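Student: I would like a close look at a single part of this structure, taken together with its surroundings. Please take me through it in one connected answer.

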Amino acid sequence: MSVILEVDHVTKRFGGLVAVNNVSFQLYEGEILGLIGPNGAGKTTLFNCINGVYTPEEGRILFKGQDITGLPPYKVVRMGIARTHQVVRPLNELSVLENVVVGACYGRENLSLEEGRRTAEEVLEFVGLADKRNVLAGKLNVAEKKRLEMARALAARPYLLLLDEVLAGLNPTEVARMLHVVRKIREEGVTILMIEHLMHAVMNLSDRIIVLDYGSKIAEGTPKEVANNPKVIEAYLGDPDLALSLVEERT
Amino acid sequence: MMRYVRDPALWLTTLVVLVAGVWPLITRSATTREDMFLILMFVTLASSLNIVLGYTGYVNFGHIVFFGLGGYIGFYLIAEKGWHVIPAALAASLGVVLFAAILGGIILRLRGAYFALATIGVNEAVRSFIVNWDAVGGAVGMEMNFSRYQDYGGPMNALWFAYILLLIVTLASVLLSYFVRTSKFGLGLLAIREDEDAALVLGIPAPKAKTIAFALSAIFPAIVGTLFFFKNGNIEPGDAFRLHMSVEGIVMIMLGGYGTVMGPVVGAATYERLRGFLLTSPLFKNLQLAFAGVLLLLIIIFVPSGVVGWLRNRFPKVRRILA
């Protein structure tokens with residue numbers, strides 16, 4: 001398996017606060033890597049460093065062998081990294097279709113308006129929003145907005161997709177539906193790095209998991225290894241029995 | 001290309017401007033021409049401002065600086081250097097676009113109220129600069145020698161000539177607005193308006209796109225400035241950099257519908273007629289600006305999307321013809 005993304009000793013500080021502390025990991029092509037950790041552990045900051053919203057103070061980020069550290073977000077998208085936001089950010093006064101067309105037109109393939117519209121229609125079909133294409137994005141409900149975020153990111157035709165809590169705030173039916181979409185994306189060959197708080201989902205989906213706590217990586221491994229890691233249990237899961245039960249749920 | 005030819009919205013917009021604009025040429029009435037000159041001038045100013053304000057979402061209170069600066073460059077070239085009005089207007093436009101591109105690169109880093117404040121500052125700064133620059137007449141301004149109009153077959157013909165040029169410029173600015181609105185570039189601008197940070201993450205090179213939009217919005221006001229002061233025969237800082245004309249431009253856009261092609265056209269025409277009425281009515285003549293302020297308030301509170309925006313929301317069917 002080839003490495004698609006390499007995060008190499010990345011540190012991001014905000015004044016005196018070290019939000020991401022010397023984090024390193026590798027992401028292999030085609031895998032789903034879960035990124036977990038308690039609130040404020042630096043997960044979203046790490047995403048922001050990868051896709052160029054922040055420039056890390058130290059360390060490098062390599063994507064497909066190229067150094068992308070400090071590139072602005074719009075250049076990172078062109079290279080094939082798309083992301084969704086934890087707090088959805090629909091372009092409210094634009095229709096659902098237009099939102100996705102933006103993603104397609106300015107994504108990796110840099111499509112024309114007409115090609116972008118075709119891609120957008122396909123993606124909307126894929127995430128199950130096709131019947132809402134002419135609705136203003138601001139009028140969607142939370143679950144639909146989450147799927148719109150996903151659609152916009154997918155329309156960029158990324159090699160790597162950064163998913164920031166796409167399951168948060170969804171009810172069980174919606175979660176199941178979203179998980180189905182995530183699996184389908186993986187089947188299409190897109191590598192996924194996902195932040196998720198919903199334990200059973202992340203344990204089920206991920207090939208490997210990385211755990212952050214106070215900005216540092218405290219564990220890495222298969223879901224089972226991570227769930228059994230005493231450090232993780234202490235920092236994050238709290239209750240060892242709960243951790244075990246979660247792993248059993250997977251098997 | 002066929003997409004544009006078949007678009008009824010494009011035809012409707014062009015037709016409205018064309019029919020209204022050609023009217024004075026048919027009637028040969030100087031009064032109608034003067035009325036129409038002001039309307040077309042405001043349509044151009046509002047349409048171009050709309051690219052920055054309506055599409056990109058940056059409230060520019062200094063739009064009139066493009067008009068004033070273009071007026072000064074063009075007037076100087078005509079009155080002092082003996083240029084013909086057409087090359088003078090084009091040179092003015094080029095100069096002002098460069099100015100906008102450089103200025104935009106700097107102040108478009110500011111967002112929201114900070115940007116708006118900066119644009120007011122720019123207008124005042126340029127005005128002060130001109131007031132203190134004797135080569136362009138300082139606070140007194142410049143006058144054009146009457147004999148200059150002989151090149152165009154006398155003052156009467158020069159006025160008609162300026163009007164025809166303005167009509168062409170107005171059409172061009174409305175078309176520019178339309179093509180920006182329907183292009184991929186324009187979609188990027190709308191995304192910036194809605195959420196600039198999300199737009200960046202979606203792949204829109206916002207700093208570059210904003211600067212281009214800002215520069216595009218400067219092309220035609222500069223030409224209009226040249227034409228207006230050419231017709232006027234004199235130019236002075238107070239007339240060229242009137243802050244309240246920027247504000248009126250904003251009122252026109254909000255009245256017609258921001259972010260639409262047709263909105264600024266409708267808004268400018270309506271507001272200009274209204275202004276004409278208020279200025280000539282003995283009761284309101286001193287309250288014209290107060291009226292504009294109240295109007296802006298009412299629009300923002302009750303119909304924030306303006307006339308055209310309201311029609312588009314209320315009757316989805318008209319969207320096809322009303323861009």
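Student: How many helices and strands are there in chain B, and, looking closely at helix 4 of chain B, how far does it reach from its first C-alpha to its last?

Tutor: This is a predicted model, and in it chain B holds 15 helices and two strands. The radius of gyration of chain B is 19 Å, close to the 20 Å that the globule rule gives for 323 residues, so the chain is as compact as a globular protein of that length. Along the principal axes, its C-alpha atoms fill a box of roughly 55 × 45 × 45 Å, and 50% of the 323 residues of chain B count as buried. If one takes the contacts in chain B between residues at least 6 apart in sequence, 75% of them join residues at least 24 apart.

Within this setting lies helix 4 of chain B, which runs over residues 64-79 and so has 16 residues, reaching 22 Å from its first C-alpha to its last, a span close to the 22 Å expected at 1.5 Å a residue.

Definitions and conventions. Residues numbered from 1 in each chain as written. Chains lettered and ligands numbered in written order. Predicted model: local features only at pLDDT ≥ 70, side-chain atom pairs only at ≥ 80, totals over all residues. Helix = DSSP H or I, 4+ residues; strand = E, 2+ residues; numbered from the N terminus. Rg over C-alpha atoms; globule rule 2.2 N^0.38 Å. Buried ≥ 20, exposed ≤ 12 C-beta atoms within 10 Å, placed from the backbone. Contact = placed C-beta atoms within 7 Å. Expected span 1.5 Å × (residues − 1).
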